[in-house]
Each structure stands twice: as C-alpha cells, then as structure tokens.
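This report describes how a protein model holds its ligands. Please view the sequence and the structure together while reading.

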Amino acid sequence: MKTILKNMINLRDHRNVVVTGIAGGGKTVFLTSLISHLMEFGQGHFHIGKGTDISGFREKRTRKNWPPNFAHSTYREDLARGRWPEKSTDCSEYICRFKRTDWLFHTQSISFFDFPGERIADAGIAAFSSYNDWSEHILAHFARHHDYIQAAGPYLEHMNKENISRETLLSQYRKTLAMLILAYKPLVSPSTFLLDRQGIPAAPGPVDEIAAKRPAGISEDRQFAPLSEKARGKNPELARQMSLEYTRYRNEVALPVFDKISKAESLVVLVDIPSLLAGGVGRYNDNRQILLDLFEILRPRSEMGALLMRYLQFWRKSLDRVAFVAAKADLVHPMDIENKRMIGLLKMMTSRASEMLPQVKSGWFVCSACNSTYAVPGARRLKGRIARNNPEKEFKEYSVPELPKNWPENWKPGDYPFFRVLPDAPENYLIPPRHMGLDRVFEFISG
Ligand SMILES: Nc1nc2c(ncn2[C@@H]2O[C@H](COP(=O)(O)OP(=O)(O)OP(=O)(O)O)[C@@H](O)[C@H]2O)c(=O)[nH]1
Ligand SMILES: [Mg+2]
C-alpha cells in the first residue's frame, strides 16, 4: 500500500544514473541495450513492476558542448552488425523521458552517463584542489604499496636530487606511469597518459617507448608530475609550473567527469567477473582497489569526499541506490548462475565498498545486457561466435570453466579461460537485444 501510494504521488521525476566500471567492463553495451528496451518496451521480455507498461518514450537531445549525446543508434547498429561498439573515448549522456502506468501524475525522466573507464584513476586529482596536497597523496600511495614502490622507485630517487629539470622529472614520471600500465596497475593518473583526450589509447610496447610517446598531461607542453614538500622547497619555480598545469588539467579533464559521477542518484557498478578470473589475481586486486577508491570519494564524510564536494561547489543531490552488477553473465554457464556462484563472487568482492555507504540502498544482480551465447543442454558448454580465430564468425560450441565457490587465494592469467564472443542481436531494431536480468537492475535503479 505504502509503495503504491509513494508511486502515485511521486514528485521526484528526474533521476541521474551513472554507469561505472573499468575500461572494457561493459558500460556502453549495458546502456545501449537498456535504452533499446525502454524505447521498444514490450518487445524484449523486459518486465517492471506488476505488469507496468512504458509508453511515450522520447529522447531529449541536448545542444551542450559537453558531454556529447550518447550515440545510441550507432551502438545499436554495431550490435546488429555483429560487432561490439568501439571503446568510449569521451564521456556521453543520454536523456530520455517516458510514461509509466504505475506513476500516475508524472512522466519519468532519466539521464544516463557513460565515460571511458580509464578516467576513474583521476579521482585523486578531482578530490584535491591543491597540487601540493595531491602530490603528498599520490606519493604516499606509492610509498604504501610495494608494487608502486617498484615502479616509482627511480622517480622518487630522482626527485630528491639537488637540481632537477622539468624535462627529466617528467620523463621519469612518464616511465613510472608506463610501468604501471604494463603491470596493469590502476593508478595511471593523469589518465590522459593511458587514454588521451582524442581517445587514443597508449599502444603496448617497452617502457621507454610508451614513456617517449605519451604526455603526462593534456599535451606535450602541459604536463605535470608530483613533487614532495622537500623537492618543492628546493625547486620553487618548477613547483609553480607543475601546480599551474595540475590546476588546468583538474579543471578541464578531471572535474567535469567527477562532477557528473558525484551527482548520481543511482550508480550502476559493473563487475566483469569472467575477465577478472581470466586475467589472474592481479587484475582482480586492481579492480577491487579502483572500486574502493571510487567509493572513498562518494563517502559523505571521507576526507576525499568532503574535499571533492567542497570544491565542486554544487548542491549535491544524494546518491540513494547502488546496483552492483555481475555483467556479461552470458559468458558463464547457466549452472553457475542458478547455483548462485556468480552472485556470491560479486557480493564477496563488493561488500566492503557497499559498507562504505551505509545510507545508500545496495542491490546485487547478475546480468547480461546483450546475451550472445546459448547453453548446450547436458554439458558445461556454450554456443557462441567466439571472437578469436573465427574469421567466418560462426557459432561454435566451446567449454566454459566452472566458477569457483569463493575467490581463490591465488590464480594466474589463463587459469580460467573465459572467451570473448561476438554480439548476437536482432537486426530488426524493434526487437531489443536478448538480455538476462537487465529489467531487475532497471527496476532497482529507477527508484
Ligand atoms: N558476451 C557479452 N560480452 C559483452 C557484453 N557487454 C560487453 N561485452 C564485452 O565487453 C566489451 C567491452 O564492452 P563496452 O560496453 O564497450 O565496455 P565499456 O565499459 O564501455 O569500456 P570503455 O568504453 O573502455 O570504458 C565488448 O567489446 C564485449 O566484448 C555482454 O552483455 N555480453
Ligand atoms: Mg564505453
């Protein structure tokens, strides 16, 4: 009764939804499929409420310079043609409005925000308005973690020298960042080193080659690197230049993204369990750390969160829902979904993050936004168009690893060979991609 009444008189008709996750985690495909289901409601086994109907769907395109409109029709076309959308090179937003039969007085309006996963690493830059504070923060992070000490050791040593030039300092920092990329470490910040503003990712190669090609900042002449208090004291002019470039980067690259993330009322956190298992324990550890860093920022009373809010200077609508989603569930055998192993792994990985936001309602879901496999009856096998070594793009049967009951203590890349497949979506746009659990996620995040 209470719910019916709440829905009938619901005055809050707009919701900001941010979909987050690391690069390649499935954000763009998730949104593409979800929007198709809302747009073509009734055509895709997508159910909400007790037989709720959605009608009058309208996209609201904006003329704002940034973020650009989410290119839904391009991505839907990609799926229909059997290719996944390109990785995102900029943030984008999709705003839509529709009527729900369970909301009598209002239409629901939602904005969905998508961004390139690499930008999450700039959370520290967004949180600290002062270059000096950011320097202390990032240098302390390097000092605390053994893996970072390895990559950053030569840089830290160089910083303590008597006379340091801008060129050598930046070159050493770029080498550190290149080593972090090669070690799959998450804190590659400024993130434009990994994915520049034109959307060009760093090409794999030796450390020196990556370091020589990529700038630690917006461009060659606008780079920066952290300096300790002692080094700043010894090199005041260098510190002044670094601080100037830091502030520019923060205003132009980091703040716009984190401003959007911090304004979310619903957050969808995609976790790509097949790729974490396929990639080894290092990939898992790094991904979990990224998640914890992000939640540290969203935590209302955390130092970073408080700083971010103070400096962004906006009236923060409060985050009230977080959906943790085990994405790409079609890459896992249905047996491991039925026996709850997939959701179990998701909960184990994210429970600490969820506890960091006790005032927010958390939900856990298993979901596949674009179901592209079929289960082979009676066997731990799937049928799909495996992406690798399949020039004809044929459907083939292949074995899938069993999900572990718990996250193992250790595992190597290749211990769980989950394969990528090509998308299998109807060419008829009226029919949205097959999905698993997408409607449950939507029901939760739409409040
Ligand atoms: N089988 C399957 N694969 C998926 C699904 N969603 C995404 N993928 C795979 O994951 C890859 C990355 O998906 P995207 O949606 O582009 O990931 P993203 O999070 O937007 O990545 P960035 O733009 O780099 O941040 C795709 O190219 C597919 O290989 C899904 O529902 N099922
Ligand atoms: Mg994307």
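The model is predicted: local features need pLDDT of at least 70, side-chain atom pairs count only at pLDDT 80 or more, and totals for chains, interfaces and linings use all residues. Residues are numbered from 1 along each chain as its sequence is written, chains are lettered from A and ligands numbered from 1 in the order in which they are written, and side-chain values use heavy atoms, without hydrogens and water.

**Ligand 1**

Ligand 1 is surrounded by 22 residues, a residue being near if one of its heavy atoms lies within 4 Å. The closest are Gly24, Lys87, Ser88, Gly117 and Lys328. By class, the shell holds ten nonpolar, seven polar and five charged residues; Ala, Val, Leu, Ile, Met, Phe, Trp, Tyr, Cys and Pro count as nonpolar, Asp, Glu, Lys and Arg as charged, and the others, Gly among them, as polar.

| Residue | Protein atom | Distance |
|---|---|---|
| Glycine 24 | polar backbone atom | 2.8 Å |
| Glycine 25 | polar backbone atom | 3.2 Å |
| Threonine 28 | polar side-chain atom | 2.8 Å |

Of the 650 Å² of accessible area that ligand 1 has on its own, the protein covers 94% (Shrake-Rupley method, 1.4 Å probe).

**The magnesium ion**

Thr28 (OG1) and Ser88 (OG) coordinate the magnesium ion, ligand 2, at 2.1 Å; donors are N, O and S atoms within 2.8 Å of the metal (3.2 Å for Na, K and Ca), and sites may look incomplete because water is not among the atoms. The pair links distant parts of the chain, 60 residues apart: threonine 28 belongs to helix α2 (residues 27–39), and serine 88 to the loop between α3 (72–80) and β3 (92–100). Threonine 28 is buried, at 9% relative accessible area, and serine 88 counts as buried at 10%, the limit being under 20%.

Notes: A polar contact is a pair of N or O atoms within 3.5 Å; within protein, one must be able to donate a hydrogen and the other to accept it, and residues adjacent in sequence count only if both atoms are side-chain atoms. Helices (H or I, at least four residues) and strands (E, at least two) are DSSP runs, numbered from the N terminus. Buried means under 20% relative accessible area, exposed over 50%, partly exposed in between (1.4 Å probe, protein chains only).
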